[in-house]
Structure formats: structure tokens, C-alpha cells
Amino acid sequence: MAAAYIEPRPHGAPTPADHRYYVIISGGHQIGGNFATQQAAKQQACKSGYRPVHVARVRHFPDRDVPDHWREDPC
């Protein structure tokens with residue numbers, strides 16, 4: 001299966017503390033619902049068979065083109 005990205009929402013939140021939920025993105029589309037934590041979203045992506053799963057480093061605004069904004073999380 002394709003890679004999955006766990007991203008914070010809403011986009012453009014002024015600080016990481018303003019992120020309210022996390023979603024699963026694959027192929028440029030949101031494929032997962034709203035999760036309260038990165039961990040919950042990551043676990044669902046792993047259960048769904050996505051590999052690798054990339055989790056946003058929340059202190060940065062996530063940009064899928066910048067590898068430093070992501071960490072690969074083992075399932």
C-alpha cells in the first residue's frame with residue numbers, strides 16, 4: 001500500500017497548541033477520520049496496511065516535500 005501521512009488540523013493554525021485533531025493523508029487525499037491524537041491516527045493507518053507511515057513533527061508546519069518535517073514511525 002502507499003505511504004500515509006499523519007497531519008494536524010486545522011491547516012494554518014498559528015501554533016502547535018491550536019491543532020485540534022489529526023487526519024490520515026495518502027495520495028494527496030484525506031482517507032482517515034478525525035483522531036484526537038497522532039498515536040490514534042498512526043495506529044489506524046498501520047492497521048489499514050499503509051507503509052510507511054510518516055508522522056508530522058508538530059513544531060513545524062507540515063510540508064510533505066520537506067523530509068525534516070516528518071519522522072517515519074514504525075508500525
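A residue counts as buried under 20% relative accessible area, as exposed over 50%, and as partly exposed in between. By that scale Arg71 is partly exposed, because its relative accessibility is 32%. The structure is a predicted model. The chain has one helix and five strands, which follow the pattern β-β-β-α-β-β along the sequence. Its radius of gyration is 11 Å, close to the 11 Å that the globule rule gives for 75 residues, so the chain is as compact as a globular protein of that length.

**Overall dimensions and burial**

- The C-alpha trace spans about 35 × 25 × 20 Å along its principal axes.
- Buried residues make up 37% of the 75 residues of the chain.
- Among contacts with a separation of 6 or more, 36% are between residues 24 or more positions apart.

**Strand pairing**

- Strand 1 pairs with strand 2 in the antiparallel sense, over five bridges.
- Glu7 stands opposite Val23 of strand 2.
- Strand 1 also runs parallel to strand 4, and three bridges join these two strands.
- Ala4 has Val53 of strand 4 as its bridge partner.
- Five of the six residues of strand 1 are buried, which leaves this strand mostly covered.

**Nonpolar core**

- The largest nonpolar core has 11 residues: Ala4, Ile6, Tyr22, Ile24, Phe35, Ala41, Ala45, Cys46, Tyr50, Val53 and Val55.
- Two or more residues of this core come from each of strand 1 (4–9), strand 2 (21–26), helix 1 (38–47) and strand 4 (53–56).
- Helix 1 gives the largest share, three residues.
- Val55, a member of this core, is in contact with Ile6, Gln38, Lys42, His69, Trp70, Arg71 and Asp73, leaving aside its neighbours within four places in sequence.

**Gln38**

- Gln38 lies in helix 1 and is one of the residues in contact with Val55.
- With a relative accessible area of 17%, Gln38 falls under the 20% limit and is therefore buried.
- The Gln38 side chain reaches the backbone oxygen of Ala56 at 2.8 Å.

**Salt bridges**

- Side chains of opposite charge can pair when their charged atoms come close.
- Three salt bridges are found in a search of the whole structure.
- One of them joins Arg9 to Glu7, with the closest N and O atoms 2.8 Å apart; both Arg9 and Glu7 are buried.
- Another joins the side chains of Lys42 and Asp73, at 3.4 Å from N to O. This pair links distant parts of the chain, 31 residues apart, with Lys42 in helix 1 and Asp73 in strand 5 (residues 70–73).
- Asp73 also forms a salt bridge with Arg71, where the closest N and O atoms are 2.8 Å apart.

- Lys42 counts as buried because its relative accessibility is 11%, under the 20% limit.
- Asp73 is buried as well, because its relative accessible area of 14% is under that 20% limit.
- Arg71, at 32%, lies between the 20% and 50% limits and so counts as partly exposed.
- Lys42, Arg71 and Asp73 are each in contact with Val55, which belongs to the largest nonpolar core.

Note on methods. Residues numbered from 1 in each chain as written. Predicted model: local features only at pLDDT ≥ 70, side-chain atom pairs only at ≥ 80, totals over all residues. Heavy atoms only, no water. Core = buried A, V, L, I, M, F, W, Y, C linked by side-chain atoms within 4.5 Å. Buried < 20%, exposed > 50% of the residue type's maximum accessible area, 1.4 Å probe, protein only. Helix = DSSP H or I, 4+ residues; strand = E, 2+ residues; numbered from the N terminus. Contact = heavy atoms within 4.5 Å. Polar contact = N/O pair within 3.5 Å; in protein donor to acceptor, adjacent residues only side chain to side chain. Pairing = 2+ DSSP bridges. Salt bridge = Lys/Arg side-chain N within 4 Å of Asp/Glu carboxyl O. Rg over C-alpha atoms; globule rule 2.2 N^0.38 Å.
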